[in-house]
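Trainee: I have just opened this entry. Could you take me through it step by step?
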Amino acid sequence: MCGRFTNRLTWREIVALYRLSVPVQPERNLPGRYNICPTDTIDAVVERDGKRDLVPMRWGLVPWWWKNKDTPATFNARAETVTTKPMFRDAFKRKRCLIPASGYYEWQATPTGKQPYYFSTENGSPLTIAGLWDEWRDIETGEPLKSCMMPPTSS
């Protein structure tokens with residue numbers, strides 16, 4: 001999928017679009033973001049116990065069994081291997097999420113370097129990107145780290 005994306009949706013738009021459990025979450029100020037990169041913190045919609053919440057996560061999956069959060073994680077995968085590679089298979093079976101977006105960038109190689117192209121809907125309506133997530137816990141401190149990745153893509 002994409003290597004960078006944008007999100008300019010407001011809190012109220014996200015609450016309405018994903019039917020979040022509003023009494024559980026106070027209103028948040030969500031500034032527009034126009035160059036979201038892997039390892040940035042992004043918002044993902046997860047459902048637990050029948051309630052949908054908007055949860056901040058690191059974009060770059062760190063599976064629960066990973067030894068070190070500083071080791072490079074992955075931010076997208078191939079459809080051919082998402083069910084079999086250890087990095088993805090647990091999250092694929094159990095932990096799915098929705099990633100709100102306004103658009104995304106793809107790059108095309110040119111003789112003078114890479115040229116970015118921005119993709120969005122014609123009328124500016126929101127995009128929803130399927131994702132996988134997991135929660136890693138630091139062995140020394142017990143501190144949790146929620147992380148997610150974009151959907152599997154074909155080669």
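Mentor: Let us begin with the cysteines. The structure holds zero disulfides, a disulfide being a pair of cysteine sulfur atoms within 2.5 Å. Cys-148 is in no disulfide, and the nearest cysteine sulfur, that of Cys-97, is 5.0 Å away.

Trainee: Is Cys-148 buried or exposed?

Mentor: Cys-148 counts as buried because its relative accessibility is 0%. Buried means under 20% relative accessible area, exposed over 50%, and partly exposed in between, with a 1.4 Å probe and protein chains only. Cys-37 counts as buried too, at 18%.

Trainee: What should I know about the model itself?

Mentor: This is a predicted model, in which local features need pLDDT of at least 70 and side-chain atom pairs count only at pLDDT 80 or more, while totals for chains, interfaces and linings use all residues. Residues are numbered from 1 along each chain as its sequence is written, and side-chain values use heavy atoms, leaving out hydrogens and water.

Trainee: Next, salt bridges. How many does the structure hold?

Mentor: The structure holds eight salt bridges. A salt bridge is a side-chain nitrogen of Lys or Arg within 4 Å of a carboxyl oxygen of Asp or Glu. One of them joins Glu-27 and Arg-12, at 3.6 Å from N to O. This pair links distant parts of the chain, 15 residues apart: Glu-27 lies in the loop between H1 and S2, and Arg-12 in helix H1. Helices (H or I, at least four residues) and strands (E, at least two) are DSSP runs, numbered from the N terminus.

Trainee: Which residues are linked in a network of salt bridges?

Mentor: Glu-135, Arg-137 and Lys-146 form that network. Within it, the side chains of Glu-135 and Arg-137 meet at 3.3 Å, N to O. Glu-135 is partly exposed, since its relative accessibility is 23%, and Arg-137 is partly exposed at 46%.

Trainee: Changing topic, where is Phe-5?

Mentor: Phe-5 is in strand S1, residues 4-7, and is buried, with a relative accessible area of 1%. Leaving aside residues up to four places away in sequence, Phe-5 touches several others, including Tyr-34, Trp-59, Ile-99 and Met-150. Contact here means heavy atoms within 4.5 Å.

Trainee: And which phi does Arg-19 have?

Mentor: Arg-19 has a positive phi of about 50°, although it is not a glycine. Most residues other than glycine have a negative phi. Arg-19 sits in the loop between helix H1 (11-18) and strand S2 (33-36), and counts as exposed because its relative accessibility is 61%.
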